[in-house]
Amino acid sequence: MGEIVQYIQSYLGSDKTPGAAGNLFWEFVYIVAVFLGLSVAVIAMNWLERKILAHMQVRLGPMRVGPHGLLQPIADALKLLLKEDIMPAEADPFVFWMAPLIVVLAAFTVFVVVPFGPTHAITDMNIGILFMLGVSSLSVLGIVTAGWASNSHYPMMGALRSSAQMISYEVAMGLAVVSVILMTSLNDTGIGTLSMIGIVRAQQAQGVWFVFKFFPLGLVGFFIFAVAMVAETNRAPFDLPEAESELTAGFHTEYSGFRWSLFFLAEYSAMIAVSSIAVTLWLGGWLRPFPNLLNGPTWDLVFSLFPGVTFLFFAAICFYNTARMPKHPLFKIQTMGLAGFGVVLGLIGLALFIPPVRDRVGDIFWFCAKVAAFMYLYIWYRGTFPRYRFDQLMKVGWKVLLPISLAVLVLTAIAGFVEAPFKEWLSQVL
Amino acid sequence: MTDPNTLSPLDLDTPDKTFLDANELVINMGPQHPATHGVLRVILRLDGEKVMGLECVIGYLHRGVEKIAEHRTYTMFNPYVDRMDYVAAVSNGLGYCETVEKLLGVEAPPRAQYIRVILTELNRMASHQLWLGTHALDIGAITPLFYTFRDREEILKIFEKFCGARLTTHAFRIGGLLYEAYEGFEKEVKKFVAFVKPKIDEYEELLTTNRIWVERTKGVGTISAKDCIALGVTGPVLRASGVKWDLRKAQPYANYKNFDFDIPIGVNGDTYDRYLVRMAEFRQSLRIIEQAVDGIPEGPIMAKVPKVIKPPVGEVYHSIEAPKGELGFFIVSDGSTQPYRVRVRPPSFVNLQALELMCRGQLVADVIAVIGTLDIVLGEVDR
């Protein structure tokens, strides 16, 4: 018994991820935590997307199930689980069954290497970014098989569009990533890293987020990735594979109930996954804003208060809306529910002020906040842009993004090569 | 590969030709499809994403409106015309009432004419707003739909106050109006005009210079003026091809000759030009409404029309500029209380003919854009 406790405790002081430290217990804990957190994030994202999109479009969105429709995603999930599971008579049953599983597995597996903090990742691979890109591109396999197994025209067209789109955009995306990996090698040893944690540490060591490195090269690379990641996840304005007005629902037209919800889950977790890549590679991962400019214990304290303050702010919004709820007895349970939700958020917020907790969650908070900003962008795009046509999409991918990303790669290499001599020359001149 | 221009849509009828042909895919778009605006069925013949030929199958909403007319009196048939182009019910009513008035040889009094023009132009705006919202939705921009419906609501509120109905208004009667305009009608219309002017800029802000919107619509579904005339295409589709033909100017009816307005025309005859023409028509409609509201004269609202309408033996054709194009009514009277024959020339039906010409050789996504830009209402196509 004592040995087990010791085994569990032995990790606590470590500065490695549980995977790298080889501690099975904490690995398991992290896997469960990431999986639960992701599920909650997808549910929250579902609600937020509907609400934010609704408010952009002068309507209210879900309002009936729970206060301000807060329970709507749960109601939807229940409905999907209870629905009849329909499989077309002409479908290939095994492939039809496999396709959503492949997509979901690919979408969830990438989170193995996502660094929520210097130690907060399931594991740290030395090929982390390669692993993420590789596994996330496996989901195209699931989409193609889904379209093919449905044995129907519209899903087939959706699947073909999807595979062409994801493969073309992966090229530009990969080149943008390579330019970041080049940047990580600009240190004394001259050795770069593919590890997700290593990339963030490189940004910390160089004292700049890679989005601002070699201005505007980092920014252009980031922009290319930001465009390609929207295409990669099949979201508006690149949502051709599921273009509702053309192909009804694209590759998942024939899917219903639980299988359909797996596609839904995969789409949202893929969005979170690619956003985490963008955050890790360009926006400094878990690093708080201005870690070098605004340093010192005072600023550390100020920034460490952010998580708690954010939760208290959400709680305050809940309480404000509780006060605004209709006073009719029919709304009594809803009002109580909203107040209770506010209390829970407030308690979490207060808990985040406790010093040891405060120091541990700061990284996770900044990482999640940056990812959340990307999630908002996804919703914003959807509310603003019309949909590209297939040939235009290909044109943007191959004729615009690919040449630019190649140019960025070459220029980054040149900039990295001449940076040190240039600085030396500059210091002599001045 | 066969040249798409040599293919006829009739080739679709011979299935052996496409049987086991790996290059071509025959796909049924509709009648249950989100982008066909109702129950239009389009049989598409695709080579990959390219449209090699298409055929429209219509009739899913056929209610035999023209036949019903033969068993109703002239007054009784009036509400039926609202159900044809249900998004522009007031225009239909105007067309029908004016045709019967022409048959009877009466004319609505000036006050009725002015109110008719105001309501018809409001309805033109409502129809264009519905077109813009659904067209943008088809192309993938979901937000304009909600903006246009928010503003269309204000028009429907005016209709509701005027005659009690929002959609199938039955606003006009043969010989004029049944109801006097409600108190504050003019003030409310003026308020609406002031309200909607900045909103039109808002729609344009979202779309007109939007790069994706321009790429999706420019050069898509191009049709030349010659083809338009050959196919009998009218309305904004014809005007976008550069033909300055608007029945409000060409054969002034109601009292349109009293108002000062322009006919916006396009150059290229593509989807983008049709969009621009309709956006300009919004503003022209507002101009007409402003002039009409200021000029409503006092006086009776109903001409001297007998209780039982028995037109003399004869036939008449009269057409008006509905939001979608030329809406014509051909009525044959045998001297009884019921028309012997009513034939409607619906703009949607005639314009839909151009779909095949406009889509051939383009991509699947363009078919959606072109169906949207033709602005068809299946209730009117099938009648």
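Q: In this predicted model, which loop of chain A holds A:Glu90, and is A:Glu90 buried or exposed?
A: A:Glu90 sits in the loop that runs between H4 and helix H5 (93–109) of chain A. Because A:Glu90 has 10 C-beta neighbours inside 10 Å, A:Glu90 is classed as exposed.

Q: How many Å separate A:Glu90 and A:Ala149, C-alpha to C-alpha?
A: In sequence, A:Glu90 and A:Ala149 are 59 residues apart. In space, their C-alpha to C-alpha distance is 8.6 Å.

Q: Into which domains is chain A divided, and how many Å apart are the C-alpha centres of domain 1 and domain 2 of chain A?
A: Chain A is divided into domain 1 (22–81), domain 2 (83–286 + 388–429) and domain 3 (308–351). For domain 1 and domain 2 of chain A, the distance between C-alpha centres is 22 Å.

Q: Which helix gives the largest share of the side of domain 1 of chain A that touches domain 2 of chain A?
A: The contact involves 12 residues of domain 1 of chain A and 11 residues of domain 2 of chain A. On the domain 1 side, the elements giving two or more residues are helix H3 (24–56) and helix H4 (72–82) of chain A. That side divides into 10 nonpolar, no polar and 2 charged residues. Its largest share, 8 residues, comes from H3(A).

Q: How many helices and strands does chain A have, and is its radius of gyration close to or far from the globule rule?
A: Chain A has 17 helices and 0 strands. Its radius of gyration is 23 Å, while the globule rule gives 22 Å for 430 residues, so chain A is as compact as a globular protein of that length. The two values are therefore close.

Q: What percentage of contacts in chain A between residues at least 6 apart in sequence join residues at least 24 apart?
A: The C-alpha trace of chain A spans about 75 × 55 × 55 Å along its principal axes, and buried residues make up 42% of its 430 residues. Of the contacts between residues at least 6 apart in sequence, the share joining residues at least 24 apart is 77%.

Q: How many residues of chain B are in contact with chain A, and with how many of its residues?
A: On the chain B side, the elements that each supply at least two residues include strand S1 (25–29), helix H5 (110–139) and helix H15 (364–374). The chain B side divides into 17 nonpolar, 4 polar and 5 charged residues. The contact joins 26 residues of chain B to 22 residues of chain A.

Q: In which sense do S2(B) and strand S3 of chain B pair, and which residue of their hairpin takes a positive phi?
A: S2 (residues 41–47) pairs with S1(B) over 5 antiparallel bridges, and B:Val26 has B:Arg45 as its bridge partner in S2(B). S2(B) also pairs with S3 (residues 50–57) of chain B, over 7 bridges in the antiparallel sense; there the partner of B:Val42 in S3(B) is B:Cys56. The hairpin of S2(B) and S3(B) has 2 residues between the strands, and the residue with a positive phi, near 70°, is B:Gly48.

Q: Which residues does B:Val367 touch, not counting those up to four places away in sequence?
A: The largest nonpolar core has 220 residues, and B:Val367 is one of the four that touch the most other members, with A:Val103, A:Ala228 and B:Ile118. Beyond four places away in sequence, B:Val367 touches B:Val42, B:Leu44, B:Val51, B:Leu54 and B:Cys359.

Notes: Residues are numbered from 1 along each chain as its sequence is written. Chains are lettered from A and ligands numbered from 1 in the order in which they are written. This is a predicted model: local features need pLDDT of at least 70, side-chain atom pairs count only at pLDDT 80 or more; totals for chains, interfaces and linings use all residues. Helices (H or I, at least four residues) and strands (E, at least two) are DSSP runs, numbered from the N terminus. The radius of gyration is taken over C-alpha atoms; the globule rule is 2.2 Å times the number of residues to the power 0.38. A residue is buried if 20 or more other C-beta atoms lie within 10 Å of its own, exposed if 12 or fewer, and partly exposed in between; C-beta atoms are placed from the backbone. Two residues are in contact if their C-beta atoms, placed from the backbone, lie within 7 Å. A nonpolar core is a set of buried Ala, Val, Leu, Ile, Met, Phe, Trp, Tyr and Cys residues joined through C-beta atoms within 7 Å. Ala, Val, Leu, Ile, Met, Phe, Trp, Tyr, Cys and Pro count as nonpolar, Asp, Glu, Lys and Arg as charged, and the others, Gly among them, as polar. Two strands pair if DSSP finds at least two bridges between them. Domain bounds come from an automatic or database domain assignment.
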